[in-house]
Amino acid sequence: VIEPSYLEKMFLSPDKRFAAVTGNIGDTVICDLKTMMLRTLDYGLSGGDSVAFSRDGRTFFIGGENQNLSLYDVGTLKKQWSLLPEFTPSANEIRLTEAKALRVTEVAKNKTKRDREAAAFVRANRNRVYVTFEHYGDMSDPGEKRMMERSELNESKVKKSPDDSNAVWLRLHNDSMLPIEVPTVSSYLLNSECFHNFPNGEKLSGLCKNQEIGIWFGLKDRRNKWVPHGFDFGSATILLPKSSVLFPVPLDIWNKPYLIVFNYSFQNIRASENDREMDFGPELEIRVSKSSLRLEPGR
């Protein structure tokens, strides 16, 4: 049955026994108004179709933007006549169609396999990406950050007491065997020596040392509702396996009963050279709060 948003026109047979409802992509529904039985005719890719029933209501003509005119039997929906002959594909077109179908099937099979592998990897490794408390200190205004920043330790090097600080510094760990993509407030200059080698020989650059970044996070309250915060703009960076980075959270947020929330995703190159999908499994959510972390270094 045609979705209501796709309906275009309705036509009645002279005896009011049948109704034809046309859609905007070539589907036409024939309704027997006595029994309310619905049958669908696929007229091919078309739009603006019109239907004209014969006087006895046994046949109908249909035509539209596919530039053909055809006669159908109302009872069987079999085509009786067509103004233009049916298109007959060439042998080469048939071969290309079959090759495309095989390709679609192979892509679907590979995706199913990849999804299973990703699900197993996520189950085994999601707890290997985590956040720990580092120390109190200061941070600059995130709104003053440039689109491209350096990631060397700078602001995070100075430890302060809670009373003299405007932020806390947290550490994001990636103890898994794959890189992860993390949302950030800027892009970061990468070290040419920091990269991950995939089994197929390809490399992915990222952060691999004790570096300093700004993570683009959101806030949720105790009812799991989003709290308006910051600005809706950001970038992303790659954190390589067996690596960690430092990132700040303003103290006025840290001291409130909010959850600091951001997502990450594991990265893995798909085996097929024709598909460059990197995300390995779904985005995973990390939630951090003052009450969830021990306020001393370490996990």
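Okay, housekeeping. Since the model is predicted, local features need pLDDT of at least 70 and side-chain atom pairs count only at pLDDT 80 or more, while totals for chains, interfaces and linings use all residues. Residues are numbered from 1 along each chain as its sequence is written, and side-chain values use heavy atoms, with hydrogens and water left out.

Let's begin inside. A nonpolar core here is a set of buried Ala, Val, Leu, Ile, Met, Phe, Trp, Tyr and Cys residues joined through side-chain atoms within 4.5 Å. Buried is under 20% relative accessible area, exposed is over 50%, and partly exposed is in between, with a 1.4 Å probe and protein chains only. The largest core has 43 residues, and Leu170, Leu172, Trp254 and Phe266 have the most contacts inside it. Apart from that one there's another core, of 13 residues, including Ile30 and Leu77.

Now the sheets. Strands are DSSP runs of at least two residues, numbered from the N terminus, and two of them pair if DSSP finds at least two bridges between them.

Then look at E21 (residues 259-266), which pairs with E22 over five bridges, antiparallel. Ile260 sits opposite Val288 in E22.

E7 and E8 share three antiparallel bridges, with Leu71 opposite Trp81 in E8.

Last stop, the surface. Phe61, Leu69, Trp81, Leu83 and Leu84 make a nonpolar patch of about 450 Å². For patches, we take residues with over 30% relative accessible area and no salt bridge, joining nonpolar side chains (Val, Leu, Ile, Met, Phe, Trp, Tyr) within 5 Å and like charges within 9 Å; a salt bridge means a Lys or Arg side-chain nitrogen within 4 Å of an Asp or Glu carboxyl oxygen. Areas are Shrake-Rupley with a 1.4 Å probe, and for residues only the protein chains shown count as cover. Leu69 lies in E7 (residues 69-73) and is partly exposed, at 33% relative accessible area.

Note on methods:
Helices (H or I, at least four residues) and strands (E, at least two) are DSSP runs, numbered from the N terminus.
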